[in-house]
Amino acid sequence: MAAPTTFSGEVWAELRLADARDVPHIHSLIHQMAEFELLTDLFAATHELLASTLFPTPQPAPFTSFTALILDLSPSPASASADTVGSRRLDLSASSPLADPEAAAFPSPRGGGRVTAGFVICFPNYSTFLAKPGLYVEDIFVRAPWRRRGLGRMMLSAVAGRAAEIGMGRVEWCVLDWNQNAIDFYEGMGAEVFKQWRICRLTGAALDKYKGTGTGSQEEEDAGGKAQ
């Protein structure tokens, strides 16, 4: 087995818009996230499905539909481009060299010695109470060697900043109730964690059984609730 790639001194982090070249890494990162969350039994994503849903032709403007962002790390400063959403300099000089055993498996398609270390996927939603669009963060993930270095904060801050800049009313996401580290982190960023709300979901066979029912005339019982 090859020795892990090590990083020391200064490393530059860039959160950028993803494109179809990033699909293999996005797929691998989603699988790592499913392993961390103990949810691999729900993992059914393929390269083809990710490419067709995240990067259709023509592709909508960022943050107006499904938007994928990639966290790249570079051994040298990278010039900001139109794809850059956020950036940060990491100073590793005060600690031992950081070993990334998976660096060789995650070379960024942008080249320049960059390594892909994480991703975000988000899309717009809508608040009827605010009468404004919002942004829902479906996933935010950083590979294990790069955690606890401020990168998750940088990523979420950049997404929240972009939402505020384009006039959205709020940014929302979910967190597993057993992941207290994540809950503490989000609360530390100023987020409110709603314990009184539950996720409701139809998927698979439970969803498919409703195909073709939209034109029926039978009166349905109203549950009396709403999503804000």
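Where is Phe-63 found? Phe-63 sits in the loop between α2 and β3. The points below concern a predicted model.

1. Phe-63 has a phi near 70°, a positive value in a residue other than glycine. With a relative accessibility of 4%, Phe-63 counts as buried, because the limit for that class is under 20%. The other feature is the peptide bond from Thr-57 to Pro-58, which is cis, with omega near -5°. Pro-58 also lies in the loop between α2 (47-54) and β3.

2. Pairing of β3 and β6. Strand β3 covers residues 67-74 and strand β6 covers residues 115-127; the two are antiparallel and share seven bridges. Within this pairing, Leu-69 is placed opposite Val-120 of β6.

3. Pairing of β6 and β7. Strand β7 (residues 132-142) runs antiparallel to β6, and ten bridges join them. Two of the pairs can be named: Phe-123 has Tyr-136 of β7 as its bridge partner, and Ile-121 has Asp-139 of β7.

4. The β6-β7 hairpin. Four residues stand between the two strands of this hairpin. Ala-131 is located in this loop between β6 and β7. Its phi is positive, about 55°, although Ala-131 is not a glycine.

5. From β7 to β8. These two strands pair in the parallel sense, over three bridges. The chain passes from β7 through α3 to β8, and the β-α-β crossover made in this way is right-handed. One of the bridges pairs Leu-135 with Val-171 in β8.

6. Helix α4. In this helix (residues 180-188), Ala-182, Ile-183 and Tyr-186 are buried. Viewed down the axis of α4, the buried residues fall within an arc of 100°, so they line one face of the helix. Just after α4, Gly-190 takes a positive phi of about 100°.

7. Arg-143. This residue lies in the loop between β7 and α3. What is the relative accessible area of Arg-143? The value is 0%, so Arg-143 is buried. The side chain of Arg-143 makes a polar contact of 3.3 Å with the side chain of Glu-102. Leaving aside residues up to four places away in sequence, Arg-143 touches Leu-29, Gln-32, Asp-100, Glu-102, Phe-106, Val-115, Thr-116 and Ala-117.

8. The Asp-72 to Arg-16 salt bridge. The model has eleven salt bridges. In one of them, the side chains of Asp-72 and Arg-16 meet with an N to O distance of 2.7 Å. This pair links distant parts of the chain: Asp-72 belongs to strand β3 and Arg-16 to strand β2 (residues 10-17), 56 residues apart. Asp-72 and Arg-16 are both buried.

9. A salt-bridge network. Asp-19, Arg-21, Asp-83 and Arg-110 are linked in a network of salt bridges. Within that group, the side chains of Arg-21 and Asp-19 meet at 2.8 Å, N to O. Arg-21 has a relative accessible area of 48% and is therefore partly exposed.

10. The Lys-211 to Asp-208 salt bridge. Which residue forms a salt bridge with Lys-211? The partner is Asp-208, and the closest N and O atoms of the pair are 3.8 Å apart. A salt bridge here requires a side-chain nitrogen of Lys or Arg within 4 Å of a carboxyl oxygen of Asp or Glu, so the pair is counted. Lys-211 is exposed, at 65% relative accessible area. Asp-208, with 41% relative accessibility, counts as partly exposed.

Note on methods:
Residues are numbered from 1 along each chain as its sequence is written. This is a predicted model: local features need pLDDT of at least 70, side-chain atom pairs count only at pLDDT 80 or more; totals for chains, interfaces and linings use all residues. Side-chain values use heavy atoms; hydrogens and water are left out. Two strands pair if DSSP finds at least two bridges between them. Buried means under 20% relative accessible area, exposed over 50%, partly exposed in between (1.4 Å probe, protein chains only). The arc is that of the directions from the helix axis to the C-beta atoms. A polar contact is a pair of N or O atoms within 3.5 Å; within protein, one must be able to donate a hydrogen and the other to accept it, and residues adjacent in sequence count only if both atoms are side-chain atoms. Contact means heavy atoms within 4.5 Å. A crossover is right-handed if, with the strands pointing away from the viewer, the path from the first strand over the helix to the second runs clockwise.
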